[in-house]
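I'd like to walk you through one structure, so let me put it up on the screen.

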Amino acid sequence: MVQQQLGAIPPGWIGGFAESNAAFAYPDPNLASLPLLGNMDNIDKLQRQQAVKWPEFSWLTVLGDETSRCFQMFSPDISRLGYTDTGRIYSIICPQQGSCSPSLGCLNIEVTVTSQRGWADETTKLVAADLEVEGKIWLTPSALQNPLVKFLWKLFADSKLPFPARKAEAIRIKLHNSEDPSKPVLPGRSGESPRYKSPDFARHPAPEGWAVANLEVGIGPIVKTGNVIVDDFNQLLMDAVNLASGNLLHPGNVLTWNVWFEEPALVDQNEWRDHAEKWRDSIDADHGAPTGPGTPPRYFDGRPFQPIDAIVQEETDKIIAWLKAHLATLIKTAKVK
C-alpha cells in the first residue's frame, strides 16, 4: 500500500461517477446499467482504494433463532475496495478466514469475488457495489500436524483425485442473493446491516473507522465434482466446518458482514496485483495472516461460541464411515496411478 500520513487523505480525488446516472443515487442505487467486470481484469485502471481494516461477519448458529447470532471479525486488512479518481469501482479484494475442526485440522475459508461493478464517493463517504462471489474451502498445510489428516493427504496425493488439499481443488459453495436464490448478484451498500444490531465489540465508528458498508449472502449447496469419493469427502468436510463454526456455511443460512473502511489511499497497481496473488493460494500455514488474526466468534453479550461437546466423536465416526466406504478404492486408484 502506498504510505501516507496518518489521518491525511491523499489529493487527486475528482469524483463524479456516482452522479453520472440518476439510477445510481441513494436511497436505492440501481447499478444494472453497468456491466459486471472480471475482478482482476482492470487493475491498470485503479487509482485509489479503501482498505477494509475490520471485516465483521455475523450469522445464526441455529437457523431461524435470532438469539443464536454470532459475531466474528475475519482476518483484518486483507480486503480492499479499488476505484478510479472519479469513483468507478474496478476491483474488490476478498476476505479470508481460518477455521479448525478437532479431528480434521485447520482449513481456509474464502469468499472469492468473481465479478463486480459500482462506485465509491469520497466526498459523501458512500459506496454502492454489486458483486458475484463464490465460497471456497480447502485444507491448510497445518492440517498435516494431525496424523489422520497426514494419512488422508498422502492418499489424496497418490490417487491424483481433486481432493481439497489446495485452493485449486477447493470445495466450491454456491452463494446467492439472500432475498432470491435464483440471483447471483449481491448488493453491497453503505451503512451497517439493517438485519440486526451489532454489539459494540463488532463496531468501529469514527474516528476509528472512516466509513462502513454491508453485504450479505445466502448459502447454497456445495458444487459436486462428479467423483463420488471426493464428493462424499467434501460433504464430510463441510459438515465438520459447520459443526466447528456453528453453521457458518450451512445451506439456507445467511452470512452477513459489515466492512469498516480505513480512509482512502492511493493505489500502487503492482502492489495490488501482488497483494491479490499473495492471498490467491491461502492465508498462512497455521490459518493466520501477517496482517493479524481475526477474533473468535462471540454472541451479542460477548460470550464465546462453543461447539457442541460431541463434535469430536461425531466427526471421527463420519471419517471412519467414509474410510470404510472408499479406502479400498482409493488405495487401488493410487496404485494404478
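**The helix first**

Let's begin on the outside: helix α1 has a face turned away from its buried side, and that face carries the exposed residues Pro147, Lys150 and Lys154. Before I go on, a word on what you're looking at: this is a predicted model, so local features need pLDDT of at least 70 and side-chain atom pairs count only at pLDDT 80 or more, while totals for chains, interfaces and linings use all residues. Residues are numbered from 1 along each chain as its sequence is written, and side-chain values use heavy atoms, with hydrogens and water left out.

When I say buried I mean under 20% relative accessible area, exposed is over 50%, and partly exposed is in between, with a 1.4 Å probe and protein chains only. Helices (H or I, at least four residues) and strands (E, at least two) are DSSP runs, numbered from the N terminus.

So which residues of α1 are buried? They are Val149, Leu152, Trp153, Leu155, Phe156 and Ser159. Those residues sit on the same side of α1, because they cover an arc of only 160° around the axis; the arc is that of the directions from the helix axis to the C-beta atoms. The length works out as well: the 13 residues of α1 should span 18 Å at 1.5 Å a residue, and the end C-alpha atoms are 18 Å apart, which agrees. That expected span is 1.5 Å times one less than the number of residues. Just past the end of α1, Lys160 takes a positive phi of about 65°.

**Salt bridges**

Back to Lys154, which is exposed at a relative accessible area of 54%. Lys154 forms a salt bridge with Asp158, with the closest N and O atoms 2.8 Å apart. By salt bridge I mean a side-chain nitrogen of Lys or Arg within 4 Å of a carboxyl oxygen of Asp or Glu. Both partners belong to α1 (residues 147-159), four residues apart, which is about one turn of the helix. In general, an α-helix has 3.6 residues a turn, so residues three or four places apart point the same way. Asp158 itself is partly exposed, at 30%.

How many salt bridges does that rule give? The count comes to 13.

Another one pairs Glu179 with Arg195, at 3.9 Å from N to O. This pair links distant parts of the chain: Glu179 is in the loop between β9 (171-176) and β10 (185-190), Arg195 is in the loop between β10 and β11 (211-222), and they are 16 residues apart. Glu179 counts as exposed, at 65% relative accessibility, and Arg195 is partly exposed at 37%.

Arg195 also forms a salt bridge with Glu216, with the closest N and O atoms 2.7 Å apart. Glu216 is in strand β11 and Arg195 in the loop between β10 and β11, so the pair ties together parts that are 21 residues apart in sequence. Is Glu216 buried or exposed? At 15% relative accessibility, Glu216 counts as buried. Elsewhere, salt bridges that share partners join Arg117, Asp130 and Arg189 into one network.

His176 lies in strand β9 and is buried, with a relative accessible area of 15%. Leaving aside residues up to four places away in sequence, His176 touches Pro181, Lys183, Leu186, Val217, Gly218, Ile219 and Gly220; a contact is heavy atoms within 4.5 Å. Asp180 is in the loop between β9 and β10 and counts as partly exposed, at 25%. The C-alpha atoms of Asp180 and Gly218 are separated by 8.4 Å, although the two residues are 38 apart along the chain.

**The whole chain**

Zooming out, the chain has four helices and 14 strands. Of its 337 residues, buried ones make up 55%. Among contacts with a separation of 6 or more, residues 24 or more positions apart account for 78%.

That's my tour, and I'm happy to go back to any part of it.
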